[in-house]
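I opened the notebook to keep a record of what I looked up in this structure, element by element and then residue by residue.

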Amino acid sequence: MSGPTDADDTLRLTAWVHGRVQGVGFRWWTRARALELGLVGHATNQPDGRVLVVAEGPRDAVDGLLRLLRGDTTPGRVDLVVDDVGPAVGGLEGFVER
């Protein structure tokens, strides 16, 4: 059932993914999963070897991506995901690898 509070359920996930996640197809994999879930955002390599994932969309899709990031099907090796979920900020289109 749709209602005026649906916009409040649009969230932004900011996740710092630690492990062996660069040079293994992790950003491509994350982009594919995010697009399947209908999310917008980006996956960006960081100088320290982490990948920063920023994604916005419905609560169930954000939760789904976070579960996948912590799951055992990711490329490489994920040791830790430090996440923050809050209200959507906007300004994102599509889902890109950076």
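**Entry 1, ground rules.** I noted that the model is predicted, that local features need pLDDT of at least 70 and side-chain atom pairs count only at pLDDT 80 or more, while totals for chains, interfaces and linings use all residues. I also noted that residues are numbered from 1 along each chain as its sequence is written, and that side-chain values use heavy atoms, with hydrogens and water left out. For helices (H or I, at least four residues) and strands (E, at least two) I took the DSSP runs, numbered from the N terminus.

**Entry 2, the sheet.** I looked up the strand order and found five strands in an open sheet, S4-S1-S3-S2-S5, with mixed pairing; two strands pair if DSSP finds at least two bridges between them. Strand S4 (77-87) and strand S5 (95-97) stand at the edges with a single partner strand each, so one side of each has no neighbour in the sheet. Neighbouring strands of this sheet are turned by 15 degrees against each other on average, direction ignored; here axes are lines fitted to C-alpha atoms, for helices over the stretch in contact, and angles run from 0 to 180 degrees between N-to-C directions.

I then followed S1 to its partners. Strand S1 (residues 10-20) runs antiparallel to strand S3 (residues 51-58) and is joined to S3 by eight bridges, and S1 also pairs with S4 in the antiparallel sense, over ten bridges. Which residue of S3 is the bridge partner of Thr14? I found Val54 in that place, whereas the residue in S4 that stands opposite Thr14 is Asp84. For Ala15, the bridge partner in S3 is Val53. As a reminder to myself, side chains in a regular strand alternate between the two faces of the sheet.

I checked how helix H1 (residues 26-37) and helix H2 (residues 59-69) meet: their axes come within 10 Å and cross at roughly 150 degrees. The two helices are therefore roughly antiparallel to each other, a label given to angles over 145 degrees, with under 35 as roughly parallel, 65 to 115 as roughly perpendicular and the rest as oblique. The crossing of H1 past H2 is right-handed, meaning that the near helix is turned clockwise from the far one by less than a right angle.

I listed the residues in contact (heavy atoms within 4.5 Å): from H1 come Phe26, Trp29, Thr30, Arg33, Ala34 and Leu37, and from H2 come Ala61, Gly64, Leu65, Leu68 and Leu69. The residues of this contact divide into eight nonpolar, two polar and one charged, where Ala, Val, Leu, Ile, Met, Phe, Trp, Tyr, Cys and Pro count as nonpolar, Asp, Glu, Lys and Arg as charged, and the others, Gly among them, as polar.

H1 lies across S1, strand S2 (40-45), S3, S4 and S5, and runs at about 175 degrees to S5. H2 lies across S1, S3 and S4, at about 150 degrees to S3. I then asked which residues of H2 are buried, that is, under 20% relative accessible area, with exposed over 50% and partly exposed in between (1.4 Å probe, protein chains only). They are Ala61, Val62, Gly64, Leu65, Leu66 and Leu69, and the buried residues of H2 pack against S1, H1, S3 and S4.

- Val24 and Arg12 are twelve residues apart in sequence, with 25 Å from C-alpha to C-alpha.
- Gly49 and Arg27 are 22 residues apart in sequence and 12 Å apart in space, C-alpha to C-alpha.
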